[in-house]
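Okay, everyone, let me put this one up on the screen.

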Amino acid sequence: MDSVTHIAIGICAGELIAGKKLGKTAMLWGAIANSFPDVDVISSLWMSTADSLLAHRGFTHSILFQLLLIPLAAFFLKRLYSKKEFSFNGWMLLIGSNLFLHIFLDALTAYGTGWFEPFSHYRVSFNTLFILDPFFSIGFVVGAIILLILKAKSSSRQKVARICVIISGAYLLFTLVNKVSVNELIEKSLTRGKISNENYVSTATPLNNFLWYIVAHDSNGVHIGYYSIFDSTDNIQYTTIIQNPHLADSLKGNEDIEKLVRFSQGYYMLEKSNDVVVFSDLRMGQLGGWADPEAPFVFRYFLKERPNNSLMIQQGRMKAMQDGAFESLWNRIKGERSF
């Protein structure tokens with residue numbers, strides 16, 4: 001999830017768990033704890049592109065890391081606020097609930113979260129939420145603003161926090177149910193289209209949970225489609241693209257290439273652009289693919305061989321959506337198709 005949402009959730013959760021005893025201090029440490037696993041973003045300052053991709057949402061998002069951090073943080077805060085009548089177990093609950101909320105919510109997105117690091121590199125991805133979904137975030141953000149404005153002794157604070165949790169929790173439940181329903185329809189459409197439904201990913205498109213992006217992989221290539229829950233038909237149109245794994249033949253054995261493939265979980269495509277090999281992670285979707293099947297993918301990496309045979313990986317700039325992109329997204333959500 002985005003940083004603003006994590007902070008807002010931490011504020012609301014902090015108020016619910018410890019607001020009566022700690023006042024606004026509970027919101028402060030709730031926000032810090034709910035944001036803390038993302039401390040791993042600083043690794044990009046010294047790591048290669050491939051390594052930083054795997055480091056983000058890696059060990060600091062693991063169950064082990066949370067279990068180690070919770071008692072240490074609780075011990076530190078208990079001493080820091082020794083004059084407050086708040087128990088060590090209370091601090092454990094405040095910090096622990098927010099840390100685990102963070103890694104749970106991150107696992108709902110397509111990026112993947114390393115819950116089992118360092119014992120397993122498997123990335124948990126439920127693919128039910130886009131990384132930024134205002135329908136989910138708005139309740140927490142508005143609630144957090146209200147809680148920051150209200151006085152610490154206001155009797156309305158707990159009620160505000162509970163309402164935020166109910167509103168966003170109801171939407172989260174909808175996304176989970178919606179995911180199951182959409183997947184059932186997708187599997188039927190793949191079977192009708194004679195595409196294997198054993199290896200596919202479906203994930204919500206930007207800013208909503210109504211239009212879904214599908215990428216399926218079989219021996220014939222990679223098949224990409226879009227489906228809106230407001231479509232008048234369940235006939236999903238798929239565009240087939242070729243992975244071109246042979247373009248990486250000259251780079252075989254290179255650890256960075258292997259890391260990119262691992263990060264993409266096998267859903268990738270290689271293509272040539274001005275004599276440079278471009279690696280696209282297909283799970284993250286396209287920029288406007290719902291209107292243009294040729295639209296570029298969000299996560300693209302340019303692979304260049306240096307004179308010493310080492311590999312330079314440059315992340316492609318994320319192109320801003322062109323004029324009319326949001327209008328086309330809205331139209332596609334409503335069920336209108338341009339191809």
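So, Arg283 counts as buried because its relative accessibility is 3%, where buried means under 20% relative accessible area with a 1.4 Å probe, protein chains only. Before I go on: this is a predicted model, where local features need pLDDT of at least 70, side-chain atom pairs count only at pLDDT 80 or more, and totals for chains, interfaces and linings use all residues. Residues are numbered from 1 along each chain as its sequence is written, and side-chain values use heavy atoms, with hydrogens and water left out.

Back to Arg283, which sits in strand β6, residues 276–286; strands here are DSSP runs of E, at least two residues, numbered from the N terminus. A polar atom of the Arg283 side chain is 3.2 Å from the backbone oxygen of Ser264. Not counting residues up to four places away in sequence, Arg283 touches several others, among them Tyr111, Gln265, Thr203 and Tyr213; touching means heavy atoms within 4.5 Å.

Where do Thr203 and Tyr213 stand? Thr203 is opposite Tyr213 in β2. Strand β1, residues 200–204, has 5 of its 5 residues buried, so it is largely enclosed by the rest of the structure. Tyr200, Ser202 and Ala204 point one way from β1, and Val201 and Thr203 the other. In general, side chains in a regular strand alternate between the two faces of the sheet. β1 pairs with β2, residues 211–218, in the antiparallel sense over 5 bridges; pairing takes at least two DSSP bridges.

Now the other arginine. Arg123 has its side chain 2.3 Å from the backbone oxygen of Leu54.

Conventions. A polar contact is a pair of N or O atoms within 3.5 Å; within protein, one must be able to donate a hydrogen and the other to accept it, and residues adjacent in sequence count only if both atoms are side-chain atoms. Helices (H or I, at least four residues) and strands (E, at least two) are DSSP runs, numbered from the N terminus. Buried means under 20% relative accessible area, exposed over 50%, partly exposed in between (1.4 Å probe, protein chains only).
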